[in-house]
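Please read these points with the structure open beside the text.

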Amino acid sequence: RSAQEMKHMENISSLLQGSNPGEYQRLDPKSEREAVAAPGEQPWEMIMDKKHFKLWRRPIEGTHLYQYRVFGSYTDVTPRQFFNVQLDTEYRKKWDSLVIKLDVIERDLATGSEVIHWVTHFPYPMYSRDYVYVRRYSVDKENNLMVLVSRAVEHPGVPEDPEYVRVRTYESQMVIRPHKTFDENGFDYLLTYSDNPQTVFPRYCVSWMVSSGMPDFLEKLHTAALKAKKMEIEVRDYMSAKPIESGSSEGKASMAAAEHKSDGTCSPAQLEYA
C-alpha cells in the first residue's frame, strides 16, 4: 500500500511539474484536492506549498482530528542517510531539542520491530506528551523503495506518568524513493501522519501547531542527515542490520505481549502492519 501511495504521488508530481526544476504549475483548489486523493479517497486540502515540499491535510471521519500528508524532495543527501537518521534514536536526542526521552523499550529480533518510548516538549503552557509506539521498517531493493511505519501501542513496561500526557492515537508512514540509488544524492519522500495530542484547543489551533511544527522538524531532520553524510556524526546503518530468521521463537514472543496489549487502542484510520 505504501508503494501504491508513493506511485500515485509521483504521478501527481509529474502532472504538476512546471517547465523549470522545482517549479509546479497550480491547478484550481478543487482539481488539486481531487488529484492528490487516490480513487475513492476523501480529498486532501493543501495548506502549505514550499520549495522542497507540499503539505496537505484532511479530516479524519468521526473525529475532530486531521490526517496530514507531506510530499517532498531533497537533492543534497542520500536516501540511506536520511533513512538512518530517522531510525537512530541516540542521534535524534542530539539534533531534536524537543526530545525529553527517546528509548527503545523492546525489540523483536525476528522482524526488526521496535517498541519506542518518546517524550517530547509541547508549546507552553501545555504539558509534555509521551508516546509509546511500535515501528517497523523495510528496504525494498528490487523496487528501489524504503518504508518506515509506526503506530501507538500500550506496553506493560511503560506505565503512564502523571508528569506527561499519554498520546494513545498516533500513526506515521514514511516512504522514500531514491532518484537513482540508495547511496547517491537525491530522493522523493511521502510522509503521512496523524495523532491525537489530547489538547483542549479547537481543531484549527491544533492544525496550526502541526502545520507550523512540520516544516521545522523536516528542516532539522534534513540538517541532521547532512551532518551524518559529511561523517561529522556516526549513524547506525539500519539497511545493513539484518533480523534473524523469522523462525526464532524468541523474536516472536518478545513482541506478542506488546501487540496483545494494544487491542482496542487503534484509531479508525489505523495502519495494519505489525
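1. A charge sits over a ring if NZ of Lys or CZ of Arg is within 6 Å of the ring centre and within 35 degrees of the ring normal. The charged end of Arg57 meets this over the ring of Tyr66, at 4.3 Å from the centre.

2. Some notes on the source. This is a predicted model, in which local features need pLDDT of at least 70 and side-chain atom pairs count only at pLDDT 80 or more, while totals for chains, interfaces and linings use all residues. Residues are numbered from 1 along each chain as its sequence is written, and side-chain values use heavy atoms, with hydrogens and water left out.

3. The protein has 6 helices and 10 strands. Helices (H or I, at least four residues) and strands (E, at least two) are DSSP runs, numbered from the N terminus. Of the 274 residues, 50% are buried; buried means under 20% relative accessible area, exposed over 50%, and partly exposed in between, with a 1.4 Å probe and protein chains only. Among contacts with a separation of 6 or more, 60% join residues 24 or more positions apart. A contact means heavy atoms within 4.5 Å.

4. How many aromatic pairs are there in the whole structure? A search finds 15. Rings of Phe, Tyr and Trp (its six-membered ring) pair if their centres lie within 6.5 Å; planes under 30 degrees apart count as stacked, over 60 as edge-to-face and the rest as tilted. Trp118 and Tyr131 form a stacked pair, 4.5 Å centre to centre with 25 degrees between the planes. Trp118 is in strand 5 (residues 114-120) and Tyr131 in strand 6 (residues 129-140), so this pair ties together parts that are 13 residues apart in sequence. Both residues, Trp118 and Tyr131, are buried. Ring pairs also link Trp118 and Tyr131 with Tyr133, Tyr170 and Tyr193 in a cluster.

5. A nonpolar core is a set of buried Ala, Val, Leu, Ile, Met, Phe, Trp, Tyr and Cys residues joined through side-chain atoms within 4.5 Å. In soluble globular proteins, nonpolar side chains tend to be buried together. The largest core here has 42 residues, and those with the most contacts inside it are Val70, Phe82, Val85, Tyr131, Ile176 and Tyr189. Helix 5 (residues 203-229) supplies the largest share of this core, 6 residues. Another core, of 11 residues, lies apart from it and includes Met9, Leu145, Val175 and Leu190. Leaving out residues up to four places away in sequence, Tyr131 touches several residues, among them Ile116, Val167, Tyr170 and Asp195.

6. Is strand 9 (residues 170-178) buried or exposed? Of its 9 residues, 9 are buried, so strand 9 is largely enclosed by the rest of the structure. Tyr170, Ser172, Met174, Ile176 and Pro178 point one way, and Glu171, Gln173, Val175 and Arg177 the other way.

7. Two strands pair if DSSP finds at least two bridges between them. Strand 7 (residues 145-152) and strand 9 run antiparallel and are joined by 6 bridges; Arg151 has Glu171 in strand 9 as its bridge partner. Strand 9 also pairs with strand 10 (residues 187-195) in the antiparallel sense, over 9 bridges, and there the bridge partner of Arg177 is Asp188.

8. Phe182 lies in the loop between strand 9 and strand 10. Phe182 is buried, with a relative accessible area of 9%. Its C-alpha atom is separated by 9.9 Å from that of Phe82, 100 residues apart along the chain.

9. Strand 1 (residues 45-49) and strand 2 (residues 53-59) are antiparallel, with 4 bridges. They form a hairpin with 3 residues between them.

10. Lastly, confidence. The pLDDT is the predictor's confidence in each residue, from 0 to 100. The protein averages 79, and 70% of the residues score at least 70. Confidence is lowest in helix 6 (residues 249-261), at a mean of 42, and highest in strand 5, at 97. Over residues 243-274 the pLDDT is below 50, and this stretch has 61 contacts in the model beyond near neighbours in sequence.
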